[in-house]
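Here are a few exercises to work through with the structure open beside you. Try each task before reading on to its solution.

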Amino acid sequence: MDQTLIDYETLAEWLFPEVTETPEDMEKRYPVRGLPEGAVVSRLAPSPTGFVHLGNVVQGLTSERLAHQSGGVLFLRIEDTDAKREVKGASEILIEMLSHYGIVFDEGASLDENGAICDKGDYGPYKQSNRAPIYHVYAKKLVREGKAYPCFCTEEDLDRFHAEQEAEKANFGYYGKWAKWRDRSLEEIREQLDSGTPWVLRFRSTGSIEHKFKYNDLIKGEVDITENDIDHVLLKSDGIPTYHFAHAVDDHLMRTTHVVRGDEWLSGLPFHIQLFQALGFRLPKYVHIGTLMKMDGTSKRKLSKRKDPELALSYYKSVGYPTDSVVEYLMTILNSNFEDWRRANPLAPLDDFKFSAKKMNAAGSLFDLAKLSDVSKNLISRMSAEDVYNAVSEWAKEFDGEFYDDFTREPAFTKAVLAIGRGGNKPRKDFATWSEVKGYMGFMFDRYYEANGAYPDGFDAGTIADILTDFLSTYSSADDQTVWFDKMKDIAEKHGFARETKEYKASPEAYRGHIGDISAFVRVAVTGKQNSPDLYAVMSILGHEVATSRIQKQIERLRG
RNA sequence: GGCCCGUUGGUCAAGAGGCUAAGACAUCGCCCUCUCACGGCGAAAACAUGGGUUCGAUUCCCGUACGGGUCACCA
């Protein structure tokens, strides 16, 4: 650079003739938010690939809690700078899905009353593809200051450099002798421009890998940073920014205070810090979340889109996990003291929990479906029969139309079944997902009642039929539970079975079986299964006619 | 390969120089019980490793191993 000093001003005009606005104009258009001290402004910035996954919810939940519990702002920015990956309608799906998980945005990309995508808020546009003029203002500034330059290398050039670097065992990247366009003359650049060669804008890095420093991440704590010495691409040849450049410009202008993202971005941090400095922006705080892992054989690995269906949010929807269960479970992973808090406050709204970035784990967590199920069972056990009814109906309508028809035919009947063992201090915990409900109570409907249910081993059909016959002859739907059960004990005694299980256990040789066996016979006859919720309640709800006719048919079957 | 992050029972994890190293899920056993689901009690089960520092390290420092991430005109 000792020859004719490059005229950066001229270069900036050549590259961005259409840009007339200045960074100062931008500062005016997007003023500092008038938020109280300590208010967190955070965002979710996904790319619209149509695949909404747990990572989106993990990040969303974290930034949502951080922002809203501090009286701050949460917004959604769509990072659609890669046209190749964009899927039509993906943004709409994303917003829709996230809202189900309690992640609602104060501003940013939103849905209007027709479900179409639109912007809400004063810091837009919130879709990066609509922000090109803004990025160009800063690109021009950087060029003018000699902090960025055009590069005319082709893909083949870059591939060649990579191969060379591999051969020389050098670090990869555009730097040093491979930074071919870093210090070219204005004439050479003019020549390429005139011939219409496509170019990208590169950052002129002044960093050195010899320089190290510390940075404090809100989750990871103090991390060692090695300065970046790569001249990364800022603007692609189509004039659209790379993630890095867009991140710096957008999060500055949108006045983001906390950047919550996956820790796969940690290695990009040196460059981001450098970029913010070069642009004269104040650095936001970073919150790098550990990646969700999964057990694969004997080792952990990152949850994979291709191999793990449970990474996709659509999985939880189709299996029928309540969204609240997923949220609760994720919270147990995100904040280690959440479980204790929840135990102490079983019914408190989630917002009452004091979320803290300090309570987040630096390491990636293993995703545990069994734990999710436990959380979900507990949550569902606390719901009212009415709420369960509504949730199952909604689920079945979409995923199991046949079951939906039976389930909703007589709401009062269905709700009565769902009410068995519900409420009180020790509610039943039978299912973790809506799709399990059919297995739990399907027998209440003729379509799913198993007429060939297996009776307990060790009893001949004749004996069972005799006992069922006796049961039928004394059964009255008017009996209360005690009377009903006493009658069953009488039958037990008559057939040589113990009235009480304890008696039987004391001297098993004296009896053919015990009261438990008698009720098992009736249970199988009525429900087709050896396990069921409270039999008396089941028979009451089923009604005299259905209950007795099922038993009658079983007697015929056993005798036949 | 360079750079970076991580490592307490099978899993999630508390602990932040001195503890018999919490708790939850899962597993197993017992109790309760007409089955199941609950509920109760109990068992088994961990500081990756080698060096330091220290009177004393799971805890602090360095190395090693293992796991993960990243090195694109993808985010």
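**Exercise 1.** In this predicted model, find which residues lie nearest the centre of the largest pocket, and describe its lining.

*Solution.* Start at the middle: His53, Asn56, Gln59, Glu264 and Trp265 lie nearest the centre, out of 35 lining residues. Next, look at the secondary structure around them. At least two lining residues come from each of β1 (41-44), α3 (54-68), α4 (90-100) and β10 (258-262), and α3 gives the most, with 4 residues. Now sort the lining by class: 16 residues are nonpolar, 11 polar and 8 charged. Finally, the volume of this largest pocket is about 1,000 Å³.

**Exercise 2.** Locate the second largest pocket and work out which domains supply its lining.

*Solution.* Begin with Ala39, Arg255, Thr256, Thr257 and Arg282, which lie nearest the centre of the second largest pocket among its 20 lining residues. Then turn to the domains: domain 1 (32-130) and domain 2 (132-289) each contribute at least three residues to the lining. By class, the lining comprises 9 nonpolar, 5 polar and 6 charged residues. The space in this pocket comes to about 630 Å³.

**Exercise 3.** Decide which residues of helix α1 (residues 8-15) are buried, and find what they pack against.

*Solution.* First, pick out the residues with under 20% relative accessible area: in α1 the buried ones are Tyr8, Leu11, Ala12 and Leu15. Second, look down the helix axis: these buried residues fall within an arc of 100°, so they line one face of α1.

Technical notes
Residues numbered from 1 in each chain as written. Chains lettered and ligands numbered in written order. Predicted model: local features only at pLDDT ≥ 70, side-chain atom pairs only at ≥ 80, totals over all residues. Heavy atoms only, no water. 1 Å grid on protein atoms, 1.4 Å probe; cavity = no way out; pocket = protein on both sides within 12 Å on 5 of 7 lines; lining within 4 Å. Points joined across faces, edges and corners; volume = space filled by probe spheres on them. Nonpolar A, V, L, I, M, F, W, Y, C, P; charged D, E, K, R; others polar. Domains from an automatic or database assignment. Buried < 20%, exposed > 50% of the residue type's maximum accessible area, 1.4 Å probe, protein only. Arc of directions from axis to C-beta. Contact = heavy atoms within 4.5 Å.
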